[in-house]
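Please take me through this model in the viewer, saying at each stop what to select next and what is to be found there.

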Amino acid sequence: MTAPAWLDVLNETLDACAAHGRADLAERLRRRRDQRAPGTRIAVVGFPKQGKGYLLNALLNAPVCAVGDASTPAVPTEIGYAADPAAVLVGHARENVPVGDLAKELEVRPPGSLRRVEVGLPRELLGTGLVLVDTPAIGDPRSPRTAATLDVLADAHAVILVSDATQELQPAELALARHIRTWCPALVLALTKIDVSPDWRELAARNRAALSETGVVADVFPVSATVRQAAAKAGDVDLNGRSGFPELLNWVGEQAARPIERTRALAAAVSVRAAAVELVETLQTRLNAVSQDNGVDQITLLHQAQRRTEELRRQNVRWQNMLSDEITDLISDAEYDLRERTRVIVRHVDRTFDEGDPVQIWPDFQTWLEENLAEAVETNYNWVSDRSEWIAQAVASTFGPHYGHAPELPLTGSGVDSIPEVGAPKIERFKIGQKLFTGLRGSYGGVLMFGLVTSLAGLPLINPVSLGAGVAFATKSVRDEGGMRLQRRQALAKAAAQRHVDDVFIRFSKEIKDEVRQVQRRLRDHFAALSDQLSEELTRQRELIIAGSAERDRRTQRVKKEIDRLAALHRKAGALGTGAAPRRELSA
């Protein structure tokens, strides 16, 4: 046996619902597909105290539904044809009860013990297989009424929405009508209690306008169950016509007379179109988000990545120039600083040996010189170390706050412990024998010179005057020779101290320069590696953005194809049930 066309469309839509994670829509379609009831099902729904029970009783001319202050059932009541009146309570098991005792039985049943009530009546209206379903009143606080009512609507082929004529349709009723019309092929509004509302005609017109504005296609049938029951008792045909029920019964008869396969096709068409609309709305929202992200955010991200790449190039030039300039300045400043410190020491050396005898002060001077040279070298090294740290931080700052970490610098220490001792100059002492020899040599000239002069006066060559002159000359010669020897010792000491200072300067100036060069290489290697890392990260970001954009394009194309497929299903469903589907068109 060939499957009906609507079944293929419904199955395809059901698969689409499952694929997109809409289990609720899939369950609705599955119930439409698996429904095997032989006749048409018309659900009667409404909010509390709208006359729903009276309406059903009047339609059937039988007190089958609870009315007035009686408790309405919290489960659906399915009313179908039976040769003899019968009622069945369906829970975990099926239990037959007399129709007359149905209201009492429902009152004593604990909540949740029943799933539905089945009632059979010998009515011609029901003879074609029609099933009228009395649903729990929406808003009934005793049970999960919304779930139970919507569960019934999933199986209904048509719906009668009940609202009384005492007030216009409320927003909740209009929303319910829109939901029903979306999922059911046929909907009418039964406007009850017109017998107690003198302005029911104007109210019916306003309700028709409200439904139309909401986008709901539905007829409005003003009815009075009281007038209908009075006409039935009196057998008054004219009174029955004024009750409004003949028009409603004609509509019910039209629904029941339609071939069941046609009814199922219409129900499937409406359900497919409703599900397709919801799926497409979801996909369209996703598509808009993806398109906006792909069209604006991705371009922005690419521009940002390009700007960061260009900034990184400029940054590389900046930090390299900064490092080179700062290192050159540091070498020059370090050499100048060490030279100035050693010059201060040399000037002090000159003053020291201008005033003192190296023979006497050399041991103390040697200790002083070594200590001051060590202090000068240590101070210069610490200054270079601090300046190197500053350079490292300054270069790191060019990479921004996120990459401001400077590496540890390879400064190994000043090396002052390795400064050699000052070599003592060869200092000759003015000994006693040298002084006697120098005195004799000086006294000889004095004795001879003054002895010759006094000999003209008749005095001998050696006389008291010549001897006094010899003593004076001897004293002066010893004094002059001592002074010259002191100057030579001072000059030797100065030269030795200055040579030592120069040796220390040359050695440690070279060591400081080597240290600074090591710092330069360490910083250069570190920041070059950091720059390469940033460049690789930016390259990866661009690749990810481009790859993500391509993936979004592919995803967008898939979504568009899916929207097109759902739109095609929507059109197929419309072809299955022209005129029955809700007026909501899809655009791919």
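Select K193, which counts as partly exposed because its relative accessibility is 29% (buried means under 20% relative accessible area, exposed over 50%, and partly exposed in between, with a 1.4 Å probe and protein chains only). K193 sits in the loop between β8 (186-192) and α7 (200-214), where helices (H or I, at least four residues) and strands (E, at least two) are DSSP runs numbered from the N terminus. Its phi is positive, about 65 degrees, although K193 is not a glycine.

This is a predicted model, in which local features need pLDDT of at least 70 and side-chain atom pairs count only at pLDDT 80 or more, while totals for chains, interfaces and linings use all residues. Residues are numbered from 1 along each chain as its sequence is written, and side-chain values use heavy atoms, with hydrogens and water left out.

Now display the strands: 9 of them form an open sheet of mixed pairing, in the order β4-β3-β5-β2-β6-β1-β7-β8-β9 (two strands pair if DSSP finds at least two bridges between them). At the edges are β4 (94-97) and β9 (219-222), each of which pairs on one side only. Zoom in on β3 (residues 86-90), which pairs with β4 in the antiparallel sense over 4 bridges, and find V90 opposite R94 in β4.

For the helices on the sheet, select α6 (residues 171-183), which lies across β1, β7 and β8 and runs at about 170 degrees to β7; contact means heavy atoms within 4.5 Å, and angles run from 0 to 180 degrees between N-to-C directions, with axes fitted to C-alpha atoms, for helices over the stretch in contact.

Finally, select α3 (residues 52-60) together with α8 (residues 225-234), whose axes come within 9 Å and cross at roughly 25 degrees. That crossing angle makes α3 roughly parallel to α8 (under 35 degrees counts as roughly parallel, over 145 as roughly antiparallel, 65 to 115 as roughly perpendicular and the rest as oblique). Show the side chains where Y54, L55, N57, A58 and L59 in α3 meet A225, R228 and Q229 in α8.
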